[in-house]
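This report covers one protein chain.

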Amino acid sequence: MDERDTRRGAHADEGDGTAAATRPSGKRSARRTRTSSPADTGAIATLDRPSRKAAKTTDRAERKSGNPFKRLIKFLREVIAELRKVIWPNRKQMVTYTSVVLVFVIFMVAFISGLDLAFIKGVNWLFG
């Protein structure tokens with residue numbers, strides 16, 4: 001326990017010998033579970049999760065197996081589920097967002113056209 005924990009509201013001791021924190025520390029070391037002790041093997045501790053290669057092979061196996069129509073239906077259901085999570089803008093927000101984008105595009109077109117014209121004038125003046 002360091003002074004940061006006590007500033008955040010954690011108590012040094014609850015009376016039973018265990019430190020009680022009101023919030024998680026957020027430190028990586030507290031979230032990791034070690035598969036083996038680094039002192040025993042001389043290696044760096046790793047998380048308990050499958051390797052990327054193993055995950056890729058299972059993904060491929062799931063994609064290739066099964067009826068293509070079932071996979072398509074599953075895909076469409078997942079798309080619909082994701083679209084339900086979207087916070088759609090109302091009419092006022094949509095008009096505001098569209099006008100901001102149009103004003104920005106008009107400004108950028110004018111700015112780049114002005115730079116292009118300036119470079120053309122500069123090259124014509126320089127090489128005449």
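## Confidence

The model is predicted, and the mean pLDDT of the protein chain is 75, with 49% of its residues at 70 or more; pLDDT is the predictor's confidence in each residue, from 0 to 100. Confidence is lowest in helix 3 (residues 38-41), where the mean is 52, and highest in helix 6, where the mean is 97.

Residues are numbered from 1 along each chain as its sequence is written. In this predicted model local features need pLDDT of at least 70, side-chain atom pairs count only at pLDDT 80 or more, totals for chains, interfaces and linings use all residues, and side-chain values use heavy atoms, with hydrogens and water left out.

## Overall fold

The protein chain has 6 helices and 0 strands, in the order α-α-α-α-α-α along the sequence. Helices (H or I, at least four residues) and strands (E, at least two) are DSSP runs, numbered from the N terminus.

Of the 128 residues in the protein chain, 2% are buried, where buried means under 20% relative accessible area, exposed over 50%, and partly exposed in between (1.4 Å probe, protein chains only). Among contacts with a separation of 6 or more, residues 24 or more positions apart account for 0%; a contact means heavy atoms within 4.5 Å. The accessible surface is about 12300 Å², and carbon and sulfur atoms contribute 62% of that (Shrake-Rupley method, 1.4 Å probe).

## Helix 5 and its cap

Helix 5 (residues 68-85) has 18 residues, which should span 26 Å at 1.5 Å a residue, and its end C-alpha atoms are 26 Å apart, in agreement. The expected span is 1.5 Å times one less than the number of residues.

N67 sits in the loop between helix 4 (52-64) and helix 5. N67 caps the N-terminal end of helix 5, with a side-chain oxygen 3.1 Å from the backbone nitrogen of F69. N67 counts as partly exposed because its relative accessibility is 36%.

## Helix 6 and the annotated segment

Helix 6 (residues 91-127) has 37 residues and reaches 54 Å from its first C-alpha to its last, close to the 54 Å expected. At its start, a side-chain oxygen of N90 comes within 3.3 Å of the backbone nitrogen of K92. Just after helix 6, G128 has a positive phi of about 30°.

An unreviewed UniProt entry annotates residues 94-120 as "transmembrane region"; such annotations may be inferred rather than shown by experiment. In the model, residues 94-120 are 100% helix and 0% strand, with end C-alpha atoms 39 Å apart.

Conventions:
A polar contact is a pair of N or O atoms within 3.5 Å; within protein, one must be able to donate a hydrogen and the other to accept it, and residues adjacent in sequence count only if both atoms are side-chain atoms.
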